[in-house]
Amino acid sequence: MFRKILIANRGEIAVRVIRACWDLGLETVAVYSTADRTAPHVRFAHEAYEIGPAPAAESYLRIDKILDVAKRSGAEAIHPGYGFLAENADFARACADAGIVFIGPPPEAMRAMGDKVEARRRMIEAGVPVVPGTGAFSGSVDEAKAAAAEIGYPVMIKAAAGGGGKGMRVVENEDELASALERARSEAKASFGDDTVYIEKFIRRPRHIEAQVLFDTHGNGVFLGERECSIQRRHQKLVEETPSPVVDPETRKKIGEMALAAARAVGYVSAGTVEFLRDQDGSFYFMEMNTRLQVEHPVTEMVYGIDLVGAQIRVAAGEPIPWKQEDLSPRGHAIECRITAEDPLRNFMPCPGTIEAVRIPSGPGVRDDSAVAPGYTVPIQYDPMVAKLITWGEDRMEAIRRMRRALDEYRLDGLKTIIPFHRRLMDHPAFVEGDLHTGFLEEHAETLKPGSDPWLDRIALVAASIHAYRKRVESSLRREAGTAEGEKVSPWLLIGRKRALGNW
């Protein structure tokens, strides 16, 4: 086992990895930008080193600076978390060249799955079903139109070199194709430095269901269940849960077999997630593989009772996976809400600011993964997610009820957050019924608006009642004291004290 690990990340995931290291008795090294000097992950680690200015390109994305800190601190391994350099094959290779263990998959596996077109090819060879589509596409608009016509509209144009909703465009008909192709390529180039795209059949109302896998260096691999990730905004997940409301044990087994085959096809090691789209007819199609730890990994941990980050570290140290597939079965249900510094009333506009006060929810079945503290200023330079709230229940309904309670307890004073949106979502009849798909938020936009919040209606009703009662009491006191309308009434009279009226 290692003695010291560097965490090449920030925010809640850095804190999460540090805690896993503590549980294993390991020392930790944090890195931080000038904007994160007072961040919680800096205080949590045994050692912390500044690596540059606030822009990520000058700090958290600087491979040379991170490796320099690893050497100076004596760290034997680096955990990349997610985001930043987590899926950067060049970083994984640079770690190996420097004699430092990268806690993640081999760079060859990352490259194979990072190239979406190459990943499709390998999945087809491995017998994993994929959405009908093309290979890498860099031809003319006329060639794109011919390919789209063969697939059948609607189609989706997707960036070959990335994900996260970047470089993606839905095309309903041929008239839209040329402009959509140009925009997709431009965004792909800006986001990934590569404007290569491909075209897929667009599946209407799909469910986004992903499979968690874990492989060691001894050839062992296990499937740790599926997660439902269909509640999304602009292809960014907001709520995740496990198990999926529409997956039965037989289907779960098939998903696991497909996910394990997909990972084996690229020689995968460590924790990874194979993502599928589920059509309305129940068919599953491979979408992509995230070659890293997922934001939503806590729901799997809650249901399967396994520390995935700790497992990643043990695998990287050469230990075999201690579980057999038959030993792993889900217990109960878990839901995660991503807590972001965004204002739902202003189209989810990022709202960085200083946290004035914090109240973290707790109690049975509640977990909070966060990096928040009173006085901490959420920087504008990074992703607005500040925490993840997770609840567990014996069944889905208990997990939802606990999430409602936990959201009501949560306080992050001083900045706008997405918490009010999550409260409305947990009360929405379609969500409660499990009638989910990736266009859920657009379909139910009207009923998810703030004005539709039943709690706000109740608060307004109580406030109106108090105001009406106060007016009645004031009128009665004016008559009793002979006070003219418009003249102030002493607050002592309002609480039943006998005190003369006057100008005060």
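Arginine 16 is buried, with a relative accessible area of 9%, where buried means under 20% relative accessible area, exposed over 50%, and partly exposed in between (1.4 Å probe, protein chains only). The structure is a predicted model, in which local features need pLDDT of at least 70 and side-chain atom pairs count only at pLDDT 80 or more, while totals for chains, interfaces and linings use all residues. Residues are numbered from 1 along each chain as its sequence is written, and side-chain values use heavy atoms, with hydrogens and water left out.

Arginine 16 forms a salt bridge with glutamate 301, and the closest N and O atoms of this pair are 2.7 Å apart. A salt bridge is here a side-chain nitrogen of Lys or Arg within 4 Å of a carboxyl oxygen of Asp or Glu. Helices (H or I, at least four residues) and strands (E, at least two) are DSSP runs, numbered from the N terminus. Glutamate 301 is likewise buried, at a relative accessible area of 6%.

Helix α1 also holds glutamate 12. Glutamate 12 forms a salt bridge with lysine 388, with 3.4 Å between the closest N and O atoms. Since glutamate 12 is in helix α1 (residues 11–23) and lysine 388 in strand β19 (residues 385–393), the pair ties together parts that are 376 residues apart in sequence. Both partners, glutamate 12 and lysine 388, are buried.

A further salt bridge joins the side chains of glutamate 108 and arginine 93, at 2.6 Å from N to O. Glutamate 108 lies in helix α5 (residues 107–114) and arginine 93 in helix α4 (residues 89–97), so this pair ties together parts that are 15 residues apart in sequence. Glutamate 108 is partly exposed, with a relative accessible area of 45%, and arginine 93 is partly exposed at 32%.

Side chains of opposite charge can pair when their charged atoms come close. Under the salt-bridge rule, the count comes to 43. Glu210, Arg227, Lys237, Glu240, Glu275, Glu296 and Arg338 are linked in a network of salt bridges.

The elements that give two or more residues to the negative patch are α7 (141–151) and α8 (174–192). Helix α8 contributes the most, with three residues. Glutamate 143 lies in helix α7 and counts as partly exposed at 44% relative accessibility.

Cysteine 21 is buried at 0% relative accessibility, and cysteine 337 is buried with a relative accessible area of 0%.

Two loop positions were also examined. Glycine 165 is found in the loop between β6 (155–159) and β7 (169–171) and is buried, at 14% relative accessibility. Its C-alpha atom is separated by 14 Å from that of methionine 289, 124 residues apart along the chain. Aspartate 395 is in the loop between β19 and α12 (396–409) and counts as partly exposed at 41% relative accessibility. The C-alpha atoms of aspartate 395 and leucine 425, which are 30 residues apart along the chain, are separated by 18 Å.

For the chain overall, there are 17 helices and 20 strands. Of its 504 residues, 52% count as buried. The C-alpha atoms fill a box of roughly 90 × 60 × 45 Å, taken along the principal axes.
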